[in-house]
Amino acid sequence: MAVTAESSPAATGKLRYNSPLVQVSLIGLVCFCCPGMFNALTGLGGGGQLDHSTADNANTALYSCFAVFGVLGGAAHNLLGPRVTLLAGALTYPLYAASFLYYNHHPSRQAFPVTAGALLGVGAGLLWAAQGAIMTSYPPPSRRGSYISLFWCLFNLGGVLGGLLPFSLNYHRAADAASVNDATYIAFMAFMLLGAGLALLLLPPSRIVRDDGSRATRMTYSSVSTEGWEILKLFANWRMLLVLPAAWASNFFYTYQFNNVNGRLFTLRTKGLNNVFYWGAQMLGSAAIGYFLDFGFGSSSRRRRGLCGVAAVAVLGTAIWAGGLANQLRYADGNWGERLIDFKDGRRYAGPFLLYFSYGLLDAMFQSLIYWIIGALANDTQILSRYVGFYKGVQSAGAAVAWQIDTHKTSLISQLIVNWALTTVSYPLLALLVFLAVKEEDSSVSSVEDGKEKDSKLSAPTSFH
């Protein structure tokens, strides 16, 4: 009798190379090196430049392209497979860091950073579509929150290390230096190239076997016409319409937090140090919400855990944005009239630092919650890649608008209030989505095929083509 992957002893064990744990960890390391380092660079405010205009324009181009290719990235994943999609996306990250190295020596020429930003928008759409499909479809349904947390911790560890790079490499530079030094950008480029290399180690979805012997999914390659039609249908999908405000809000606040809190209040070296803790807070936040969504209230229903997760993030978010408003009122006109804050300033540093740390905590909890909800809507890689692509596309469209809002010198009070309002509106809609669409692990979940509602067991591998 032939031995199948489902019955083979080799199919069990968490540290197999073809296990969901190893493959999710691998995608986490790719994102550690690429978007993790990008986040550290962006978190400096102005891409490490004292003048934010070039980074604002580059990021507008980036997120405008990301908005389109975030949605199309799901189609690319289904046409090309995760490894090719991920590699193509990863290679655009070192080009972006190189453009700011060039800009350091040619400060009057914005064309290269803006073009590199646009190309990165294309690449990021591809990378995040592949990442989202892997992260939401490979893990066992009952441990999806834990795997999301694992990924988020690895990914944001890149931001932590990336924050240490400018802190250490620019420690003795003047507080008002025009930019970080060349070594900072070169270090970012080296990590990003390593991440692109790691993408080659990813296995195809058909070879992934869970610890119980079941296949995570069966990857069948789609067609251009099918993907085009499926993408159009997403804009009339009630589940995605309920996700849309949260998706728009989920990167919208980065511009305000990076440029107008970290970038405006602190010395150059302290900005890097703050990012160590900002992304470290993301690791804590994702671990906390992931554990709660999988194990909260003992054996209570998954829907109840989801609803309580939304409520917890809503309460925390309200408190943090209220603290942000209190801080913003100290420089309501946008001009920080005091001496820039250094990490050695003791009590003067503590309050703004705690606020920035809390922003990172909230971001991870908010986005991990959204990923968990999306992952509970289906169990098929192709469907989830489209859902995640839609989420990333809308998210990036919001970010593109936010970077242009900052370029046009919109008042900081207005930026904060819009950010707070967007996240607040999303909470009841996410709760409604959990209530209507999230089922129990041992019951059927709704999946969309050709416009009809069909049931598929969460534990069973599925194919829709």
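The model is a predicted one, in which local features need pLDDT of at least 70 and side-chain atom pairs count only at pLDDT 80 or more, while totals for chains, interfaces and linings use all residues. Residues are numbered from 1 along each chain as its sequence is written, and side-chain values use heavy atoms, with hydrogens and water left out.

The protein chain has 16 helices and two strands (DSSP runs of H or I with at least four residues, and of E with at least two, numbered from the N terminus). Of its 465 residues, 59% are buried, meaning under 20% relative accessible area with a 1.4 Å probe, protein chains only; exposed is over 50%, and partly exposed lies in between.

Helix H11 takes in residues 252-265. Because 13 of the 14 residues are buried, H11 is largely enclosed by the rest of the structure.

As for the cysteines, a search of the whole structure turns up zero disulfides (pairs of cysteine sulfur atoms within 2.5 Å). Cys 33 is in no disulfide, and its nearest cysteine sulfur, in Cys 34, sits 6.2 Å away. Cys 33 counts as buried, at 3% relative accessibility, whereas Cys 65 is partly exposed at 23%.

Conventions
The expected span of a helix is 1.5 Å times one less than its number of residues.
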